[in-house]
Amino acid sequence: MEDDVSCPRCKTTRYRNPSLKLYVNVCGHPLCDNCIDLLFVKGSGNCNQCGINLRRTNFRLQLFEDSYIEKEVDIRKRILKDYNKLEDDFESLDDYNNYLEEVETIIYNLANNIDVDSTKRKVEQYKKENQEQIMKNRAKISKDTELIEELLEKETAYSSWRMKVVANEDTESSKAKIRRKEELVDDLMYSDAPASQILMNHERKIKSQESDQQPKQMPPKPASYFSTGIKVGKGSNTFAPLPTVPESEPFKYVSSNLDFMGPKCPEYDELESDGYLLHIRNVDPREKAGGFLPQYPCLRALQESFCGLYCKLDENKT
């Protein structure tokens, strides 16, 4: 996509000239450096596209691919230098929002060439009326800027402290190595013990010293639990612990024997062979896809019809 970028005057593309650089001015129309040298030999000239009088010193390198974005960014920077009021300068939030809306309208008009002359006059009038406040606000630091500076100071202080700690650790470790070497040489020179025994004792001493110098970890805080047994905090298990079941005999299924107080109802396997399903409507394929079978509603209907046929009421009870 970058190879398609070209100068609108000489039509030179980045494909033919990899070192091509485009520059923009206040009008937002790009030009390459060669065209700028030709058109602005005297230091000023007219834009090749819109005819606006431009100065050579105002050209800057184009950062965005779209020249309109370059123009809007430049206008926004220039306008916000003067329209630099903060929320604390207004009595209410509505007044501050109206002020921000007015600023965006000015930027939009200048970027899209809408009422340019009247908008510029409005900006100049604002600068004259609020000159003192503009200078004060330029020297004032916003709350966000103060917070960022504070964070940067803390980060700088921590990094410098960390570098000092690392440097001290390196110097101490190097000094300890030198001392251990000197002790080993002295033991080998003046001790009557065999060299293998001296080396073994020296290695044990080094391991014990390293283990003593290791920082001790803080014991973890005791974890609190919900009533369900789930830990509270990071790294906690999201599942409740399995309940402990006392040892007993394995579960055995026993079919229930229900007294329907009526004739024996046909079984599930007998419905189709005995012709009960002939009086049931045909099942739609979509119902079959959902798991519907005609045997289940037919069996329920037969059980309800047979149930209670042999029931006898006690005549003594009312």
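Analyst: Happy to; we will go label by label, starting with the whole chain. This is a predicted model. The chain has 318 residues, and 19% of them count as buried. There are ten helices and five strands. The accessible surface comes to about 26,400 Å², with 53% of that belonging to carbon and sulfur atoms. Among contacts between residues at least 6 apart in sequence, 47% join residues at least 24 apart.

User: Why is Leu39 called partly exposed?

Analyst: The relative accessibility of Leu39 is 31%. Buried means under 20% and exposed means over 50%, with partly exposed in between. The value of 31% lies between those cut-offs, so Leu39 counts as partly exposed.

User: Where does Leu39 sit, and what does Leu39 touch?

Analyst: Leu39 lies in helix α1, which covers residues 33-39. Leaving aside residues up to four places away in sequence, Leu39 touches Arg9, Leu31, Ser44 and Asn48. Leu39 and Arg56 are 17 residues apart in sequence, and their C-alpha atoms are 9.2 Å apart in space.

User: Leu31 was one of those contacts. Which residue does Leu31 stand opposite?

Analyst: Leu31, in β2, stands opposite Tyr23. Strand β1 (residues 22-24) and β2 run antiparallel.

User: What makes β1 and β2 a pair?

Analyst: Two strands pair if DSSP finds at least two bridges between them.

User: What makes up the nonpolar patch on the surface?

Analyst: The patch is formed by Leu61, Leu63, Phe64, Tyr68, Ile69, Val73, Tyr108 and Ile114, which together have about 710 Å² of accessible area. Helix α2 (residues 67-82) gives the largest share, three residues.

User: Now for the rings. Why is the pair of Phe90 and Tyr99 called tilted?

Analyst: The structure holds seven aromatic pairs. In the pair of Phe90 and Tyr99, the ring centres are 5.1 Å apart and the planes are at 45 degrees. Centres must lie within 6.5 Å for a pair; planes under 30 degrees apart count as stacked and over 60 as edge-to-face.

User: Why does Tyr268 with Tyr296 get the tilted label?

Analyst: Their ring centres are 5.5 Å apart, and their planes are at 35 degrees, so the pair is tilted. The pair links distant parts of the chain, with Tyr268 in the loop between α7 (195-213) and α8 (270-273) and Tyr296 in helix α10 (residues 295-306), 28 residues apart. Tyr268 at 31% relative accessibility counts as partly exposed, and Tyr296 at 44% counts as partly exposed too.

User: Which residues form the aromatic cluster?

Analyst: Tyr83, Phe90, Tyr96, Tyr99 and Tyr126 form one aromatic cluster.

Methods
Residues numbered from 1 in each chain as written. Predicted model: local features only at pLDDT ≥ 70, side-chain atom pairs only at ≥ 80, totals over all residues. Heavy atoms only, no water. Helix = DSSP H or I, 4+ residues; strand = E, 2+ residues; numbered from the N terminus. Buried < 20%, exposed > 50% of the residue type's maximum accessible area, 1.4 Å probe, protein only. Contact = heavy atoms within 4.5 Å. Patch = residues over 30% accessible without salt bridge, like charges linked within 9 Å, V, L, I, M, F, W, Y side chains within 5 Å. Areas by Shrake-Rupley, 256 points an atom, 1.4 Å probe, with all protein chains shown as cover. Salt bridge = Lys/Arg side-chain N within 4 Å of Asp/Glu carboxyl O. Phe/Tyr/Trp six-rings, centres within 6.5 Å; stacked < 30°, edge-to-face > 60°.
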